[in-house]
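Trainee: I would like to learn how to read a structure like this one. Could you take me through some features?

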Amino acid sequence: MSNFTFVSQPVLGGFKQECKGVSIIEQTKLGIVSVACPNDGDAALAASIQKAFGCSLPKVSGVEVSDSGTMRWLGLQPQQWFVLFEHSAEQGAPLATIKDELGDTAYCTDQSDSWVSLAVSGPLAITALERICPIDLHLSVFPVGTVARTTMEHLGVIITRTGDEEFLMMSATSSADSFLHAITLSVKNITA
Amino acid sequence: MSQTNRIDGGLVNRNQSYSFKFNNETMHGYGGDTLASALIANGVKLVGRSFKYHRPRGIMSAGAEEANAMVQLRTGAYTEPNTRATVAELFDGLEAKSQNHRGPLGFDVMAANDFLSPFLSAGFYYKTFMWPKALWEKFYEPVIRASAGLGSLSGENDPDQYDKGFLHCDLLIIGAGPSGLAAALTAGRAGARVILADEDFIMGGRLNSETHTVDNMPGSTWAETATAELYQMENVRMMTRTTVYGAYDHGIFGALERCTDHLFDGSGKPRQILWRIYSKQSLLCAGSTERSIAFGNNDRPGIMMAGAVRSYVNRYGVTPGKRVSVFTNNDDGWRTAIDLKAKGIDVTAVIDTRSIPAPYNVPNAATIMGCRVIDTVGRKGIHTIMLSSGQTMKTDCLAVSGGWSPNVHLTCHQRGRPTWNEKQACFVPGGDLPVGMSVAGAANGDMTLQSALTAGHNGASSILSSLGMSDAGSKIASASEESAKVSAFWHVTESKSRAWVDLQNDVTTKDIGQSFREGFKSVEHLKRYTTLGMATDQGKTANVLGLAIMAECSGKTIEQTGTTIFRPPYTPIPMGALAGRARGKDFRPFRLTPSHKFAEEKNAAFVETGMWLRGQWYPIAGETHWRESCDREVRATRESVGVCDVTTLGKIDIQGRDAAAFLDRVYANTFGTLAVGKVRYGLMLREDGIVMDDGTTARMGEHHFVMTTTTANAVSVFRHMEFCRQCLWPNMDVHLISATEQWAQYAVAGPNSRKTLQNLVDKEFDISNEAFPFMACGEVTVAGGIPARLFRISFSGELAYEIAVPTRYGDSMIRAIMQAGEEYNIVPYGTEALGVMRIEKGHAAGNELCGTTTAANLGLGMMVSKKKDCIGNVLSQREGLNPEKPLQLVGFKPVDTSISLSAGAHFVTKGAEATMANDQGWMTSVAYSPILNHSIGLGLIEDGKNRMGEIVTAANPLKQSSVDVEIVSAHFVDPDGDRLRV
Amino acid sequence: MIINHPLLGPRDAAEFVYLGDASLINRPDASSDDAAQAFYEYLYLRDNPAGEHKELWYHEQGDRSWLVVTRNTLTHEISKVEIARDVARAAGGSA
């Protein structure tokens, strides 16, 4: 029996809304793995990450990008990071990409399907996000390479600054429609 | 109507002519007008009726403090009651109506109340409508509500959109008058992140209403220049039409921005935005409010605050009268006479309560010192005043100034108390200000323009240094000189007629005297008894006057008398703005299961469980009642196979060297002994010994577990486990992350569930009963390589599995399972069938895990390990939770099986009265069992296990029902669990 | 309110969940002879000070840290914020 059709579906069907002020683009090829550091294993983990990915571990709220530039480590909480990298379904389980390299130096959990990820960018991005984001996004406070986990419209959101006017925003898969609505309505409310 | 009272000058745009309607009469005004100034331009004096006595009232102020001129703005669903005409910006096509009258405004039949006033004094309602009690709800209240009141709601949904938002700054400056602008310039030029907010639609505050000069420019020109400079600064956010209405903890402020209220059509943009402003420091530059003097019939249309008259004349280019008189106790009131003269308007007299030489010379006007206005004449518009000197004068507008009260409101929102300044006869901010707040300008008692400009600059400078910044050498602007001498004067004792203190609530000096005589002497009691200072204006013009008169009554000083507490909001906030976007289907976010689209296609009915929308049942053609669908789903599952989306259960990934030891502590039963590749039911207690949650936990590896929680407790269990990990056992090596969203998980249940899954699971994985027995778990692949997790667990009591695939495949998976089970007539089943099957099986769920039950109550007492310490172990053993005859979970079946049971019914001995004393427990869950063909129930009853076969009565007095039921085993179906293990 | 998170800086209290008295960190020894009494006191007997109070807050919509916040119950002034795990370790938290 192999006549089943399995389609890897982007949470929001590959949502894309591009305009001058703010663009919203769903990131559909993102592998996300959480990496936790065993107690007293900080040095070993740092070494294995440096060796495997050429990257040092950021502190909480910090972001480090790997040597190759393809992998982004987000410091989410003490002893825990999310690593984000380009990954498509054909490449197999995203977990292996990280776990196979780090071995016993980390506890890894696949989070690729847990999050819907939206790239929100443009000169009016901050103006739109002001309507839902309680975090101060001013460049002096939240510079490129910063991540914060907060709540917007009752939804947990991980927001990362990827450029002066660019953010990567992640929220739970199941409430993706509400999350998208929160952002698109914010854009509509400032541009209508 | 023509603009008979329009005069030259002002800041209105005469090239922008607007047409508007007041009480259906078409009038015209200009851009830059408020509704009030436009009404004055058109010669309208009478604009509303008072709250209680239905007295004719006119416009009394030119700002947010307005107590009289409240109108019903706009029409239909857009209508908004109690809008202050003095702050409503005029736009083309505006429609407004006066409020609180029956019949036309000029002939209000309810004005009879005015003649009944001797009977309607303070406390009238409290004393009169005491009995008969039955009449209150049916008669008194509706009549009072209809006759005393303000505007009315449309009764329709508010069609406008609202939004909220968050702003951050180094310095929030509240008010853009002279001190606010000066502060903003100093802080803005220094590079600080500044927000400057003002409720008006142009910045400048009193500068726009006065004829002072600043830096040798007219004040309004200086304000315009300063504003233009500030708009150019990237670090300054300029917010007009924005009222900072509340000061909250730690530098957080609430502000309401009115975005489209000044437009005929908002074009779909949010009408208002409720901002939460986070500030490091704040500078309150809220200015001051002029107060009145109480004298006989001081509420007539045409009697107005002296400063308001200047606003109308200087800013709006309209005059409230042609022959104006001024009644004042201070120098500032005289400026009204001077400004009027400068515009060529006749000033009849300036009456000053003080026996001092006249501070100014006003040509062609009588200046009468040491004199008082004792009464006025002119029901719909003042025409005559009577003076204490015996003189009578013709005048069509009386400008009154009782001195200025600093707007200290926001300084008091953290329970700060203002202090009385005897010299200036006003309350000034006390020492106990909200965190990070300082005050400058008139709000702080700096009553001259120069002192306000200086205080604004200095305030900003010291804030800059506290932020570690330095001012960029901004100079203090210099202003023309003025005098602000005042001597306190509150009410004219010679007046025999009623003298109003609070115009909005119709509170007179006599009411205050009566309140005192009847023992309501503290200001807080005075407020409640007389309603002084209540309603939409919150007594901005009345409070100080009222408490000064109370001080006189009691022989105390004003300082001893004190003020009532100021609370947010400073001005009214529409409910729509507080709701923001959270209306209708946007009230809160919703969560969709991976099979949502499939369920929609199958016409599923959905139920909200928390934020989740879950398929409740899946009707097929011909089914008209949910029970038909539910019964069919149960039968199909028990007879062959069914599938249910159980993704909503919480899933927590637990890893670490101490993961097993950790689980032994958070669960009442043991997990250290669980073999890899096995699942175990776990019972979690609270520390007080009550059951917190239950679920299954699978051991995926030596140091790796996957826990499931109930849908409802997913978040709180995770929080609890983080508490245990971080606070109780901080050295354990254990790490948690939620994986609820990661996996689309389906329960496949029924005798043909294995065969169904064997069609789907790749052949290299042996899931036969031998290789994959009850409570086994493992990683498999499906459909040629899709990774999946398989658990052989059952909630239904049937041979069953739960299978999980990455969420991205969730939609494909439900369809694949349906395809794989097609030959067995697989059905999707919803939460109703799920519930029926678990009740048939006697499994506890939310109704039983209700926060009052112990493991023993649920028949799970044996699971609480006595060998180890775990959360709840010690206190679960205390006496109070272990009575001789504990409540025990058992099954119930109606003696007459045609009767339906109802959950919530309480058990009493058969035939006994349904009283608390006879109560033995209650029915927790009921269902109709399509297998047994009758209603069944689970419930908690004293000593239930030892009472099998006993008949008791299940009484539900709320539904007037009383049903005899038999106590039976909770396991209605397959009590020995044979089906699980085949 | 704003809680000045030791790792993240000032964050709105809306991101946090409140639990209660920080003495909840000091869970009694279940194997001691007076365990029943000790657990009763641990769970039910709390001070209710008008003034400084050490209490537990959980940064649920943030970094998932439990914090010990010293807050004045009269003024809401927050004078100290610590990572609860550090406090628990310093107090000799078991295992």
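Mentor: Gladly. Keep in mind that this is a predicted model. Begin with Asp506(B), which is buried because its relative accessible area is 0%, and buried means under 20%.

Trainee: Where is Asp506(B) placed?

Mentor: Asp506(B) sits in the loop between strand 29 (500-502) and strand 30 (507-508) of chain B. Look at its backbone too. Asp506(B) is not a glycine, yet its phi is positive, about 55°.

Trainee: Which place does Asn24(B) have, and is Asn24(B) buried or exposed?

Mentor: Asn24(B) lies in the loop between strand 1 (13-22) and strand 2 (25-31) of chain B. Its relative accessible area is 53%, so Asn24(B) is exposed. Asn24(B) also has a positive phi, about 70°, without being a glycine.

Trainee: What about the peptide bond from Pro568(B) to Pro569(B)?

Mentor: Check omega. For this bond omega is near 0°, and the bond is cis. Pro569(B) belongs to the loop between helix 13 (558-561) and helix 14 (575-579) of chain B.

Trainee: Now a helix. What should helix 9 of chain B span?

Mentor: Take 1.5 Å a residue. Helix 9 covers residues 449-466 of chain B, 18 residues, so it should span 26 Å. Its end C-alpha atoms are 26 Å apart, in agreement. After helix 9 comes Gly468(B), with a positive phi near 80°.

Trainee: Which residues of helix 9 of chain B are buried, and what do they pack against?

Mentor: Among the buried ones are Leu449(B), Leu453(B), His457(B), Ile463(B) and Leu464(B). The buried residues of this helix pack against several elements of chain B, including strand 8 (162-174), helix 5 (178-189), helix 6 (219-231) and strand 15 (272-284).

Trainee: How do I read a nonpolar core?

Mentor: Start with the general idea. In soluble globular proteins, nonpolar side chains tend to be buried together. Here the largest nonpolar core has 52 residues. Those touching the most other members are Phe20(B), Phe22(B), Leu35(B), Leu39(B), Ile59(B), Leu94(B) and Tyr312(B). Helix 1 (residues 35-41) of chain B gives the most to this core, with six residues. Another core, of 41 residues, lies apart from it; its members include Ile652(B), Cys724(B), Tyr58(C) and Val68(C).

Trainee: What is Tyr312(B) in contact with, leaving aside its neighbours within four places in sequence?

Mentor: Its contacts include Ala36(B), Ile40(B), Ile59(B), Thr86(B), Met304(B), Val318(B) and Pro320(B).

Trainee: Where is His971(B), and how accessible is it?

Mentor: Find the segment after strand 50 (961-968) of chain B; His971(B) is there. Its relative accessibility is 36%, so His971(B) counts as partly exposed. Beyond its neighbours within four places in sequence, His971(B) is in contact with Glu840(B), Lys841(B) and Gly842(B). From His971(B) to Lys280(B) the separation is 691 residues in sequence and 63 Å in space, C-alpha to C-alpha.

Trainee: Which pattern does chain C follow?

Mentor: Read along the sequence: β-β-β-α-β-β-β-α. That is two helices and six strands. The C-alpha atoms of chain C fill a box of roughly 45 × 30 × 20 Å along the principal axes.

How values were computed:
Residues are numbered from 1 along each chain as its sequence is written. Chains are lettered from A and ligands numbered from 1 in the order in which they are written. Side-chain values use heavy atoms; hydrogens and water are left out. Helices (H or I, at least four residues) and strands (E, at least two) are DSSP runs, numbered from the N terminus. The expected span of a helix is 1.5 Å times one less than its number of residues. Buried means under 20% relative accessible area, exposed over 50%, partly exposed in between (1.4 Å probe, protein chains only). Contact means heavy atoms within 4.5 Å. A nonpolar core is a set of buried Ala, Val, Leu, Ile, Met, Phe, Trp, Tyr and Cys residues joined through side-chain atoms within 4.5 Å.
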